[in-house]
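Student: I would like to know what stands behind the terms used for this structure. Please set each value against its definition.

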Amino acid sequence: MASALLELRDLEVSFAIGGRTYPALQQLAFAVGERETVGIVGESGCGKSLTSLSVMGLLPETAAITKGGIVWNGKLLDTQSPNGWSEVRGRRVSMIFQNPMSALNPLIPVGKQIAEMAVIHLGVPKREAKRLAMERMADVGLSRIERLYDDYPHQLSGGMMQRIMIAMALISGPQLLIADEPTTALDVTIQAQILELLKELNRSTGTAMLFISHDLGVIREVCRRVIVMYAGYIVEEAPVEAILERPKHPYTVGLLQSLPSADKRGQPLHTIPGRVPALTDRGAGCPFAGRCASISEICRTTVPELKPIAGGHRVRCHLYTDGGKEQ
Ligand SMILES: Nc1ncnc2c1ncn2[C@@H]1O[C@H](COP(=O)(O)OP(=O)(O)O)[C@@H](O)[C@H]1O
Ligand SMILES: [Mg+2]
């Protein structure tokens, strides 16, 4: 991996609920290198969005970073102060969300909203901002830009709106783009176009990408490396081919079995029995213990460490620790 742009060091993020604190992210440690494409996958409620919001400094008011730190380009960010990383956020790291409609102002033409970002982040005068906004709109594959510039969000289709969001995220020339379920709300064909666009932007601009999705099928289209999250923990991390061909963690195995494929056509899709435990309902042992078919005694009492194993994987599972049967 090239030198790390972003590094999370044993990050813990907790919610205050009814006078108690509940950790939602624990021992979160990973890095994203320059130009790298890293995916985060896991079912709903695993902590994917909280991870991206932590990096963006956009955590909900009831949540806080309770341990660990975030390092940007080798510099530890002051995550406790509201302005601790305002220099980085939005300019060096930008984000696109699942629902562009809620991120855009319905009362302002879309082109102008992009131009306003150029004024804020680049400090350029309005005319120049408009020119740059139109350039980025072309970069993301939009056409008839003169007219589109003055359109309001409701006049655009979902796919066009997501392209507008990507243009807006790119306007500051970020080194890292965080995309949280950017195609989940779109039709399958539009989804494929947006994924292609993101891949192409990574190649042409060198912007690194942290791509979040509940769908491993989407992640494998865009990313070189995958982080699998479960109940606030990283449970496995590996290059995408290694995850697809040799998944290690029982949760990753389950996710792969539930992926549709040509050879499973006509058969019912596998589902992992049970669900991600709520924050207030997480026990002492392995977070996946309640749903795991390979459970042993230690899994109920002790959270496994995230350990490197052969094949470029890191895995958090007692099956792969000393004494585990699959060592
Ligand atoms: N504002 C909130 N208040 C309380 N709990 C929350 C809040 N936002 C998220 N959570 C909880 O934190 C956990 C992780 O949520 P999230 O990061 O949104 O998951 P994902 O994006 O993987 O679906 C879940 O258990 C969720 O219920
Ligand atoms: Mg989410």
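Tutor: What follows takes the terms one at a time.

Tutor: This is a predicted model, in which local features need pLDDT of at least 70, side-chain atom pairs count only at pLDDT 80 or more, and totals for chains, interfaces and linings use all residues. Residues are numbered from 1 along each chain as its sequence is written, chains are lettered from A and ligands numbered from 1 in the order in which they are written, and side-chain values use heavy atoms, with hydrogens and water left out.

Student: Why is His313 called buried?

Tutor: Buried means under 20% relative accessible area, exposed over 50%, and partly exposed in between, with a 1.4 Å probe and protein chains only. His313 has a relative accessible area of 2%, so the residue counts as buried.

Student: What makes the pair His313 and Glu236 a polar contact?

Tutor: A polar contact is a pair of N or O atoms within 3.5 Å; within protein, one must be able to donate a hydrogen and the other to accept it, and residues adjacent in sequence count only if both atoms are side-chain atoms. The side chains of His313 and Glu236 are joined at 2.7 Å. Contact in general means heavy atoms within 4.5 Å, and the residues that His313 touches include Glu236, Arg246 and Lys307, leaving aside residues up to four places away in sequence.

Student: How do you know whether Asp10 and Gln27 are buried, exposed or partly exposed?

Tutor: Asp10 has a relative accessible area of 48% and Gln27 one of 38%. Both values fall between the two cut-offs, so both residues are partly exposed.

Student: What is said about phi in Asp10 and Gln27?

Tutor: Most residues other than glycine have a negative phi. Asp10, not a glycine, has a positive phi of about 45 degrees, and phi of Gln27 is near 45 degrees, also positive. Asp10 lies in strand β1 (residues 4–17) and Gln27 in strand β2 (residues 20–33). Strands (E, at least two residues) and helices (H or I, at least four) are DSSP runs, numbered from the N terminus.

Student: What makes β1 and β4 a pair?

Tutor: Two strands pair if DSSP finds at least two bridges between them. Eight bridges join β1 to strand β4 (residues 63–72), so the two strands pair, and they run antiparallel. Val13 stands opposite Ile65 in β4.

Student: Why are β2 and β5 called edge strands?

Tutor: The open sheet has the order β2-β1-β4-β5, with antiparallel pairing. The strands β2 and β5 (75–76) each pair on one side only.

Student: Why is strand β7 described as largely enclosed?

Tutor: Five of the five residues of β7 (residues 176–180) are buried, so the rest of the structure largely encloses this strand. Leu176, Ile178 and Asp180 are buried on one side, and Leu177 and Ala179 on the other.

Student: Which atoms lie by the oxygen atoms of ligand 1?

Tutor: An N or O atom in the side chain of Lys48 is 2.8 Å from an oxygen atom of ligand 1. Backbone N or O atoms lie 3.2 Å away in Cys46 and 2.9 Å away in Ser49.
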